[in-house]
Amino acid sequence: MKAFAVSFRVAAATAFVFAASAAHADLTLPFNCTKSNSVQAFTQDNLDSFDLVNLSVRAKGNATPVGEMLTGGNTGATFYRAYNFPVTKVVVGSNLAIKSGSAVGSALFFDRTDDDTGAKFGLTLANFTIDYVNKMVTADITPMGGVPKAQQPIYTFEVDTALALKYKFPLTVTGHEVLKNLALTPVAKAALVSSLQLPEIALPALDFNFGTLTQDISTNLRSTCASSKPYVAQ
């Protein structure tokens with residue numbers, strides 16, 4: 001295992017160096033065995049709006065909740081302030097510019113119960129990708145019991161802390177980044193409204209800031225590799 005770890009880190013570091021000298025070709029690097037993670041943290045306004053319409057948020061696949069579970073004071077909806085998604089691959093372009101990073105296999109399930117009728121509605125966002133070229137986050141969107149739509153734009157973002165890669169030759173590459181002011185796209189808003197049957201009172205909440213995405217990249221290895229298989233909503 002030790003020999004594998006050293007070999008993997010050397011290979012990853014070498015790949016980054018190679019990418020820096022490549023003039024045109026993109027290079028896809030598998031990162032599912034590394035301690036690289038993306039964390040989405042919702043705002044308090046988001047959590048209050050979830051509670052307002054009895055909307056629970058559940059981690060699926062590779063995703064895991066961060067911190068303590070919160071229970072809404074109005075409806076009893078349950079959610080966490082933040083969710084962690086293991087980074088599974090990174091696409092590097094010329095001059096070491098990272099074009100995208102993906103958390104394949106991670107998903108969030110938005111689960112809503114209508115207080116008046118008891119009807120249940122749901123929507124899954126899965127297999128997230130940060131597209132740095134177009135400055136948006138994409139994901140597969142699947143209404144509960146419906147047909148998935150692959151890699152739809154769900155958020156735009158602003159850069160708060162730009163990704164800075166640090167190298168400790170020849171074994172380790174690390175990086176840290178914070179994206180802020182996540183804003184739902186028209187595609188995401190339409191999917192949430194139709195799939196969750198959101199009441200009119202909830203619609204202004206779709207214009208809220210949807211928090212931050214924090215990426216911590218490392219070529220150090222996980223004890224167990226994260227799955228790189230796309231999550232398929234059940």
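Lys-135 is exposed, with a relative accessible area of 52% (exposed means over 50%, buried under 20% and partly exposed in between, using a 1.4 Å probe and protein chains only). You will find Lys-135 in the loop between β10 and β11, and although Lys-135 is not a glycine, its phi is positive, about 55 degrees. Asn-127 belongs to strand β10 and is buried, with a relative accessible area of 4%.

A word on what you are looking at: this is a predicted model, in which local features need pLDDT of at least 70 and side-chain atom pairs count only at pLDDT 80 or more, while totals for chains, interfaces and linings use all residues. Residues are numbered from 1 along each chain as its sequence is written, and side-chain values use heavy atoms, with hydrogens and water left out.

Now step back to the whole protein. It contains three helices and 14 strands; these are DSSP runs numbered from the N terminus, with helices being H or I over at least four residues and strands being E over at least two. Of the 234 residues, 48% are buried. The protein exposes about 11,400 Å², and 58% of that is supplied by carbon and sulfur atoms (areas come from the Shrake-Rupley method with a 1.4 Å probe, and for residues only the protein chains shown count as cover). Take the contacts between residues at least 6 apart in sequence: 63% of them join residues at least 24 apart. Contact here means heavy atoms within 4.5 Å.

Next, look inside. The largest nonpolar core has 46 residues, such a core being a set of buried Ala, Val, Leu, Ile, Met, Phe, Trp, Tyr and Cys residues joined through side-chain atoms within 4.5 Å. Phe-50 and Ile-154 have the most contacts inside this core. Phe-50 is one of the buried residues of helix α2 (residues 44–52), along with Asn-46, Leu-47, Ser-49 and Asp-51. The cover over the buried residues of α2 includes β3 (55–61), β5 (70–71), β6 (78–79) and β9 (98–113). Just after α2 comes Asn-54, with a positive phi of about 60 degrees.

Leaving aside neighbours within four places in sequence, the contacts of Thr-88 include Leu-29, Phe-31, Asn-62, Ser-102 and Ser-227.

On a 1 Å grid over the protein atoms alone, a cavity is a set of points where a 1.4 Å probe fits but cannot get out, whereas a pocket is an open set with protein on both sides within 12 Å along at least five of seven lines; lining residues have an atom within 4 Å of a point. Grid points are joined across faces, edges and corners, and a volume is the space filled by probe spheres set on the points. The largest cavity has a volume of about 190 Å³. Its lining has 21 residues, with Ser-38, Val-87, Gly-101, Ile-130 and Gln-215 nearest its centre. Two or more lining residues come from each of β2 (37–41), β9, β10 (120–131), β12 and β14 (212–218), and β9 gives the most, with five residues.

The largest pocket holds about 170 Å³ of space. Its lining includes Ile-141, Pro-143, Lys-149, Gln-152 and Ser-195. The elements giving two or more residues to this lining are β11 (136–143), β12 (149–168) and α3 (186–196), and α3 supplies the largest share, five residues. Pro-143 lies in strand β11 and counts as partly exposed because its relative accessibility is 26%. Not counting residues up to four places away in sequence, Pro-143 touches Gly-122, Leu-123 and Ser-195.
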